[in-house]
Structures are given as structure tokens and as C-alpha cells.
Amino acid sequence: MTAHLMSIGTATPEARLSQPATRDFFRAQPDVDRLTARLIGAAFDHSAIDNRYSVIGGIGEESTDFARDGVLRSPTTGERNALYRRESPALTARAAREALEGSGFDAADVTHVVTASCTGFFAPGPDYRLVRDLGIRLTAERTHIGFMGCAAAFPALRAAARICAAQPGSVVLVACTELCSLHIRSSRDPEQIVASAVFGDGAAAAVVASAPPRTGAPRLEIGDFSTAITSEGEADMDWSIGDHGFEMTLTAQVPRIIGREIAGVAASMLGDGVDPVTAVDAWAVHPGGRSVLDHVQSGLALPDEAMTYSREVLREYGNMSSATILFILRRILEDSSLPDGARVAGLCFGPGLTVETVALTRAAA
């Protein structure tokens with residue numbers, strides 16, 4: 001039974017962080033020397049990001065749990081996670097309600113819930129809260145995918161598609177919520193500086209169903225998935241739990257590794273000898289950062305327009321970890337210039353270094 005991605009809903013916190021103001025805030029921290037200030041300036045100014053959104057408020061504008069009198073605090077991991085538990089359910093519910101409204105299905109129609117996140121933990125978790133907050137039937141089956149990083153949306157969609165194939169008539173609500181700003185810190189470490197420059201907060205939800213559609217809106221037919229672990233990079237993208245938040249390792253080698261190996265991944269996805277430029281009508285590439293997109297584009301010899309959706313989302317929201325790719329797929333789903341039958345290729349990158357892919361086809365209702 002073919003699974004279709006029927007609709008996508010998105011949500012961000014109210015506080016919008018402009019990149020220049022956030023850069024100046026980090027440069028003004030008391031432990032920042034001249035070299036660090038230059039590194040901060042370079043990371044922020046070359047990020048290709050205009051704005052991000054954050055649950056911790058407007059950095060530097062007023063006293064919050066994270067900043068007082070213009071100085072960034074260093075809350076414990078427990079304090080950061082408590083804020084995740086307080087803020088993430090409402091954000092997730094907003095995105096999920098929007099996805100359901102766009103799909104034509106009601107909360108009572110949902111048979112399964114699949115959630116993904118890597119920026120906080122609690123139990124009963126996000127999957128449970130969605131059932132309670134949206135009025136989903138209490139017998140709905142739930143799955144939570146934790147700590148798979150930026151690539152987690154595709155394993156979540158894959159689980160939903162497998163459910164739809166095994167149980168025809170299923171309506172699966174998939175939700176990814178990431179509050180990356182909870183783990184920011186002032187640091188002289190170049191990797192932490194890059195993390196502070198690119199990550200933002202957001203939630204996205206998708207309705208995946210093998211049940212008959214309820215609206216005449218376009219949808220995406222879900223095809224094959226694939227997973228590849230690169231030949232190197234295990235230590236270059238790493239996400240661990242420290243005493244003062246989750247600690248990201250994101251070295252400068254990550255874009256280069258992706259650039260070297262992306263052609264092989266694309267060949268496995270599309271077939272040997274298939275030209276990615278002519279075989280794909282729309283690309284959804286996770287914007288781990290500007291350099292990641294640059295290396296994917298050059299590694300596949302893609303034209304500039306192929307990266308438009310990804311670069312737009314990066315510019316407007318930054319990297320929201322697992323939620324980001326659903327923001328991009330929403331733009332593709334709602335792009336009226338794409339005809340029925342348009343072929344869509346999705347690429348996500350996670351710790352390891354892991355590459356997750358999916359093939360989708362735009363279809364009319």
C-alpha cells in the first residue's frame with residue numbers, strides 16, 4: 001500500500017534572533033578575546049543566515065534564564081532540559097494541528113504517532129503529550145526516535161511509511177521538535193562558535209497516510225529510503241550530554257567529507273550512471289550549514305536553482321536539526337510551479353557521519 005505525505009505544519013518560538021545582533025552579543029561576552037571575536041564574526045557573517053528563532057527569548061534584550069545584564073549564563077543540563085520539557089509540547093502541538101488541518105484528517109483519525117528530537121528528554125514524552133494535547137485516541141500506537149540528530153526526520157518518515165504499508169488505512173502523525181538554543185554557550189572553541197552561529201529552534205509535523213485523501217491538495221508519494229555511513233567522520237559530527245548542556249562536535253571536515261562522498265550516495269539512490277541534474281526536479285537538502293550546501297551542490301554538479309528551497313530555509317530559520325528538512329519539504333509540497341509527477345530527492349546528514357535519503361513524487365489528489 002503506497003504511503004503519501006499529505007501535509008506539513010511548522011511552528012517556531014516567538015523570539016526572533018537577527019544574526020547581526022546575536023553576533024554582537026556573543027562578541028561582547030567577558031571571556032571573548034580578540035581572536036575569538038574574529039572567529040565569531042567570521043562564523044556569523046558567513047553563515048548565510050538572516051534570522052533564527054529561540055525559546056530562550058531575545059538574547060541580550062532582557063534578563064532571562066540564559067542571559068542577565070548582557071552576560072550569557074551557563075545553566076546546568078537539568079535547567080536546560082526543564083525548559084525543553086516546559087516549552088516543546090506546545091510548539092509541537094502547534095505544528096501538528098496545522099499539519100492535520102492541511103491534511104483533512106482529524107486528530108481522532110490518527111492511528112499512530114511518531115516523534116523525533118535530540119535536544120531534550122522527558123517521559124512520558126513528546127509522543128504521549130501529542131496524544132493528550134490534540135485529543136488523539138488513547139489507543140494510538142506511539143514511537144519516539146531520540147538522539148539521531150539532524151537526520152532523524154527521514155527515519156521517522158520511514159517508520160510512518162512502513163506502518164502504512166503493513167497496516168493499510170493508517171494515518172500517522174510525524175513530529176520533529178528541536179530546541180537547539182537551549183544548548184548555546186559562550187566559548188573560544190571554534191566548533192562551539194559555529195554551533196552558536198547556525199542552530200535555531202523549530203517544530204514541524206507531517207501527516208503520512210495510506211488512507212484515502214480528504215482534500216484535493218497536492219501530496220508527496222513516498223518512495224524508497226536509504227541509509228549510508230560515510231567512510232570517515234565518526235568523530236567529526238558528535239552530540240553528547242555534558243554538565244552544562246548537550247555538547248556538539250561539528251568539525252570543518254564535515255562539509256568536505258559530504259562533498260567527497262555525496263556522488264556515491266546519489267548513485268545508490270538514483271542508480272549508477274543517472275544524472276542527478278536531469279533525474280530530479282526538486283532537491284530537499286538538509287542545510288547543516290552554508291558550507292554543507294555548497295559541497296553538496298558542487299559534489300553533484302547541481303545548478304543554483306536546485307538549492308533554492310534549502311538556502312531559503314537556512315537564511316530564514318537557521319539549522320533546526322531534525323525539523324529543518326520538513327520546513328523544506330513543505331515549500332516543495334506547496335510550490336504550485338512543480339507539476340504532478342515531479343521527482344523529489346531528499347538528503348539529510350546526521351552524527352556518524354550518516355546520510356539518510358528519500359525519493360518522493362509529487363502527486364495530485
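**Backbone geometry**

I started at Leu 353, which sits in the loop between strand S14 (343-350) and strand S15 (354-363). The model is a predicted one, and I read what follows with that in mind. The peptide bond running from Gly 352 to Leu 353 is cis, with omega near 20°.

I then looked up another cis bond, the one joining Ala 123 and Pro 124, where omega is about -5°. Pro 124 belongs to the loop between S6 and helix H4 (126-134).

Ala 48 has phi near 65°. I placed Ala 48 in the loop between H2 and strand S3 (51-54), and I logged it as partly exposed at 34% relative accessibility. Phe 147 is not a glycine either, and its phi is positive at about 65°. Phe 147 lies in the loop between strand S7 (141-146) and helix H5 (153-166); its relative accessible area of 28% makes it partly exposed.

**Nonpolar cores**

I looked up the largest nonpolar core and found 82 residues in it. Those with the most contacts inside this core are Leu 134, Ile 136, Leu 173, Trp 283, Val 296, Leu 347 and Phe 349. Helix H3 (residues 77-103) is its biggest contributor, with eight residues. I recorded a second, separate core of 46 residues, which includes Tyr 53, Ala 160, Leu 333 and Val 358.

Leaving out residues up to four places away in sequence, its partners include Cys 150, Ala 151, Met 237, Ile 258 and Ile 262. Val 285, His 286, Val 292, Val 296, Thr 354 and Val 355 are also among the residues that Phe 349 touches.

**The annotated domain**

I checked the record for this stretch. The UniProt entry, which is unreviewed, places the feature "domain: Chalcone/stilbene synthase C-terminal" at residues 231-360. In the model, the end C-alpha atoms of residues 231-360 lie 27 Å apart. I noted the span as 41% helix and 24% strand.

**Buried residues and elements**

I looked at Thr 115, which is in strand S6 (residues 112-117). Thr 115 has a relative accessible area of 1% and is therefore buried, the cut-off being under 20%. Beyond its neighbours within four places in sequence, Thr 115 is in contact with Pro 126, Asp 127, Leu 130, Thr 143, His 144, Ile 145 and Ala 175.

Helix H11 (residues 324-333) is mostly covered, with nine of its 10 residues buried. I listed its buried residues, among them Arg 330, Thr 324, Phe 327 and Leu 333.

Ala 67 lies in strand S4 (residues 67-68) and is buried at a relative accessible area of 4%. I took one C-alpha to C-alpha distance from here: Ala 67 and Pro 89 are 22 residues apart in sequence and 23 Å apart in space.

**Cysteines**

How many disulfides does a search of the whole structure find? I got zero. Cys 150 is in no disulfide, and its nearest cysteine sulfur, that of Cys 118, is 6.4 Å away. Cys 150 is buried, at 9% relative accessible area.

**Pocket and cavities**

I found about 520 Å³ of space in the largest pocket. Its lining has 29 residues, and Val 194, Ala 252, Pro 255, Gly 289 and Ser 291 lie nearest its centre. The elements giving two or more residues to this lining are helix H2 (34-45), helix H6 (190-198), strand S12 (245-250), helix H7 (253-270) and helix H9 (290-300).

I counted five cavities of 30 Å³ or more. The largest cavity has a volume of about 190 Å³. I found 18 residues lining the largest cavity, with Cys 180, Ala 195, Phe 199, Trp 239 and Met 248 nearest its centre. H6, strand S11 (237-242) and S12 each give two or more residues to the lining of this cavity. The largest share, three residues, comes from H6.

Terms used: Residues are numbered from 1 along each chain as its sequence is written. This is a predicted model: local features need pLDDT of at least 70, side-chain atom pairs count only at pLDDT 80 or more; totals for chains, interfaces and linings use all residues. Side-chain values use heavy atoms; hydrogens and water are left out. UniProt positions are given in the numbering used here, feature names are shortened, and annotations may be inferred rather than shown by experiment. Helices (H or I, at least four residues) and strands (E, at least two) are DSSP runs, numbered from the N terminus. A nonpolar core is a set of buried Ala, Val, Leu, Ile, Met, Phe, Trp, Tyr and Cys residues joined through side-chain atoms within 4.5 Å. Buried means under 20% relative accessible area, exposed over 50%, partly exposed in between (1.4 Å probe, protein chains only). Contact means heavy atoms within 4.5 Å. A disulfide is a pair of cysteine sulfur atoms within 2.5 Å. On a 1 Å grid over the protein atoms alone, a cavity is a set of points where a 1.4 Å probe fits but cannot get out, and a pocket is an open set with protein on both sides within 12 Å along at least five of seven lines; lining residues have an atom within 4 Å of a point. Grid points are joined across faces, edges and corners, and a volume is the space filled by probe spheres set on the points.
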